[in-house]
Amino acid sequence: MIRDIERIYGTLLSRQYQKKLFQDLEGLQEKGDSLIARCPFHEDEHPTFIIYPDRPEYFCFVCGARGDWLGYLQLKTGMDFFGALRLLAGEAGIDPVAYDKNAWDDELSRTILLELMAGFFTTSLYSPAGERELFYLYNRRYAMGEVEGSSFGFYPGYLQTREYLVSQGLTDEFLDKVLDAVWSRDAEEFRLTIPYRDTAGRLMGMIGRDVTKKGPEAYRALTDLSILRDSPFLLYKHRGSEDLLVVEGFLDALLVDRIGLIPVAGVGKSGLSAGQCDTIASYGTRRCILCLGSGRERKDLMLKSADLVESRGMQAAFLPLGDEYEDLDHFIRATELKDFRKLLKKTCTREEYMRGQMT
Ligand SMILES: [Zn+2]
């Protein structure tokens, strides 16, 4: 099960609670999906304070104030940590247990650090150093705009990254404590970066891909991912969607998400776990459509995952790929968009799936 704070934030974001939380700010207006207002933390003539739509965070691009809703409530109202937590929990209708100020401090430092790094990595992808990784993405049928929208990045190495973070005002003391606790330094070859957000949209982890390798060996966690164990990849974009397509792999999930025909989440190579299933169910999804690849082993995994889905009171459905396709990513790259549309119409029940696999 995900932690209470993640569920509180996820629930409130689904209800666009930011519109209520920040309603008193001067000059508050919508800008795209975000809100923007005059910054409450410096003398501000123009709106420079951004309130994100898909994570419980804000950022002022003039004075650099950044933080999350819990921090904002404490700064703005003088409430203490537990007061702020109780208020948000009450609004979400959730009883928070086992969350304290230290855990909150750690998680906030982690997301602030990883957001800065992700921004730097995205810029680096378009620098000469990132050429090989960018070319790899284009080869995988990612169009230019899709790469830009997918927040991929290029990790230029530990020292350069640390230099950048110092130039952004982070102190060596902070970096010794937070960066070295979060970042894995034995994965320097895994340079194509994929941000991993929890179900509240907070950037909690990073995956690296070595584009010279194939298969599961090509991926490495660049940060500890245990905090994300029960948070399916990309679910923050599709919390509570009636139908959810569950695919194996990060790139598969990103590709399907960019195409935008169906809400999607990604799971690891051992399929859907009980904890991930609980999370999906708790946000209100009614039906999981499983597409975890072809081959004997994958089919068994689909059936096992379907058992879990049904045991959580959701409906399980199957998306059968022909045996000529290894996984959904392979199918999408080998066919045209209209074929993917057709495939989605072939969603079937367990009985139909089993029958189809026998012929
Ligand atoms: Zn400011």
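The predicted model contains an open sheet of five strands. Its order is β1-β2-β3-β4-β5, with antiparallel pairing; strands (E, at least two residues) and helices (H or I, at least four) are DSSP runs, numbered from the N terminus. Two strands pair if DSSP finds at least two bridges between them. The edge strands, β1 (29-31) and β5 (66-68), each pair on one side only. Neighbouring strands of the sheet are turned by 25° against each other on average, direction ignored.

β1 joins strand β2 (residues 34-37) through three antiparallel bridges. Ser34 in β2 is the bridge partner of Lys31. Helix α3 (residues 69-77) lies across β4 (57-60) and β5. It runs at about 105° to β5 (axes are lines fitted to C-alpha atoms, for helices over the stretch in contact; angles run from 0 to 180 degrees between N-to-C directions).

Arg220 belongs to strand β9 (residues 219-221). Arg220 is partly exposed because 17 other C-beta atoms lie within 10 Å (buried, 20 or more; exposed, 12 or fewer; partly exposed in between; C-beta atoms placed from the backbone). Beyond its neighbours within four places in sequence, Arg220 is in contact with Ala187, Phe190 and Gly208 (C-beta atoms, placed from the backbone, within 7 Å). Thr193 is 27 residues from Arg220 in sequence, and 9.8 Å away, C-alpha to C-alpha.

Mean pLDDT, the predictor's confidence in each residue from 0 to 100, is 93 for the protein. Of its residues, 98% reach 70 or more. Among the elements, helix α7 (residues 144-149) has the lowest mean (68) and strand β13 (residues 315-318) the highest (98).

Residues are numbered from 1 along each chain as its sequence is written. In this predicted model, local features need pLDDT of at least 70 and side-chain atom pairs count only at 80 or more, while totals for chains, interfaces and linings use all residues.

Methods. Contact = placed C-beta atoms within 7 Å.
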